[in-house]
Amino acid sequence: MQHLKEITGFDKATEWILKEQGLTTSAHVEGLPPMGASPDGLLEVEYRSGSQSWKHSVIVEYKSLFPYVLAGQGESTPGAEDMYKYAPFKKFPVLLPATCYAQMQLGMLMTCTSKCIFMQYSVETTGVRVVPFSPEWAAAMETWVRRFWSMYYARQVVPPSNFGHLINDTEYSSFLALTRRLCESAPVVKVLQSAKGLDGRLFV
């Protein structure tokens, strides 16, 4: 917890409460079509100064990298299963994955928070990023969600599987470029060593 206090800048907070967060919908956010998000946690910090106090909340997202690699294909032998081997040195990509970024932005929008602590666990280490809420990205995302809602869900039409028709869409390309730029602006700010179990093996 001390590491998170330093990373988030909340080291002077007088109280820290980490809550499990379930599904939060857009029902309380005026103007949004039905949608929702379920951050892994909600960190609430409280400051006190004399008789005054104030609170600040951030969401927490945690991703764990699958610590095994495929060692053999089971398809070569009928009925055989694929074989995997332990690979604790697998690394997360340097660039924040766009899918994770979208998940965090939606989580912040649904919970009305302005910051996300994003932790990527890769067996030996845990990389920590602090991702701020982007009103610019949220506004662009809302445009595409509304289109999806009106074109497919409201009409009960199955959407295309790969959305290939958007490849040459200039507005969509700009949205992707914005997403990449914002992903690049959220580097790992702290690397924590992973804990070991009672048998001395790193947690998987």
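Predicted model: local features only at pLDDT ≥ 70, side-chain atom pairs only at ≥ 80, totals over all residues.
Local features need pLDDT of at least 70 and side-chain atom pairs pLDDT 80 or more, while totals for chains, interfaces and linings use all residues. Residues are numbered from 1 along each chain as its sequence is written, and side-chain values use heavy atoms, with hydrogens and water left out.

Helix H3 covers residues 135–153 (helices are DSSP runs of H or I, at least four residues, numbered from the N terminus). Its buried residues (under 20% relative accessible area, 1.4 Å probe, protein chains only) are Trp137, Ala138, Met141, Trp144 and Tyr152. Viewed down the H3 axis, they fall within an arc of 130° (taken from the directions from the axis to the C-beta atoms), so they line one face of the helix. Their cover includes helix H2 (98–111) and helix H4 (170–184), with contact meaning heavy atoms within 4.5 Å.

On the H2 side sits Tyr101, buried at 2% relative accessibility. Setting aside neighbours within four places in sequence, Tyr101 touches several residues, including Trp137, Thr179 and Leu182.

As for ring pairs, the whole structure holds seven (Phe, Tyr or Trp rings, the six-membered one for Trp, with centres within 6.5 Å; planes under 30 degrees apart are stacked, over 60 edge-to-face, the rest tilted). Trp137 and Phe175 make a tilted pair, 5.4 Å centre to centre with 35° between the planes. That pair ties H3 to H4 across 38 residues of chain. Trp137 is buried at 4%, and Phe175 is buried at 12%.

Methods:
Helix = DSSP H or I, 4+ residues; strand = E, 2+ residues; numbered from the N terminus. Expected span 1.5 Å × (residues − 1). Buried < 20%, exposed > 50% of the residue type's maximum accessible area, 1.4 Å probe, protein only.
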